[in-house]
Amino acid sequence: YQRKEEFVNRYGFFFDEDVIDIITHWAMEEGISVGTAYEETTKITQKVKVFESGFFDAYGLRITFAEDAMRKIIQECIIKNRNPADLCKSSVQNYQYGLNLIKEKTGQDTFTIHGEALIDSEKYLNTLIQDSYE
């Protein structure tokens, strides 16, 4: 965390300790520099932000992947060489319908998507809908 300002200035992002551990492990495993791994992780994060923006453009619903979800996305993209946009899309596939139900019921149009959505997206969405009706 001593170099936080340097990383923010250089890459536009500073990751939490868990993501730094993922980056460091990946760099050592692949024999690449930590800087290169950090850049690639930054690109993953930027692609997730583009996906969030595109979801809003398409459905008028603002989603944000929480830190725990971002860690899972980064890890999946690094370990399994997955495309961040594809991973995001599969995680919230058909969410616009459920989130619109919540919006109609509560007026809420901003949603934070947590890591559970990447494990069991249908269960996660059902929980969001149920919670909005309580």
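Student: What covers the buried residues of α2?

Tutor: The cover includes α3 (34-59) and α4 (67-79). This is a predicted model, in which local features need pLDDT of at least 70, side-chain atom pairs count only at pLDDT 80 or more, and totals for chains, interfaces and linings use all residues. Residues are numbered from 1 along each chain as its sequence is written, and side-chain values use heavy atoms, with hydrogens and water left out.

Student: Which residues of α2 are buried?

Tutor: They are Val19, Ile22, Ile23, Trp26 and Ala27. They lie on the same side of α2, because they cover an arc of only 130 degrees around the axis, taken from the directions from the helix axis to the C-beta atoms. On the other side of α2, Met28 and Glu29 are exposed.

Student: Why is Gln96 called buried?

Tutor: Buried means under 20% relative accessible area, exposed over 50%, and partly exposed in between (1.4 Å probe, protein chains only). Gln96 has a relative accessible area of 9%, so Gln96 is buried.

Student: What does Gln96 touch?

Tutor: Leaving aside residues up to four places away in sequence, Gln96 touches Phe55, Tyr59 and Leu61; contact means heavy atoms within 4.5 Å.

Student: How do you know that the span of helix α2 agrees with what it should be?

Tutor: The expected span is 1.5 Å times one less than the number of residues. Helices (H or I, at least four residues) and strands (E, at least two) are DSSP runs, numbered from the N terminus. With 14 residues, α2 (residues 17-30) should span 20 Å, and its end C-alpha atoms are 20 Å apart, so the two agree.
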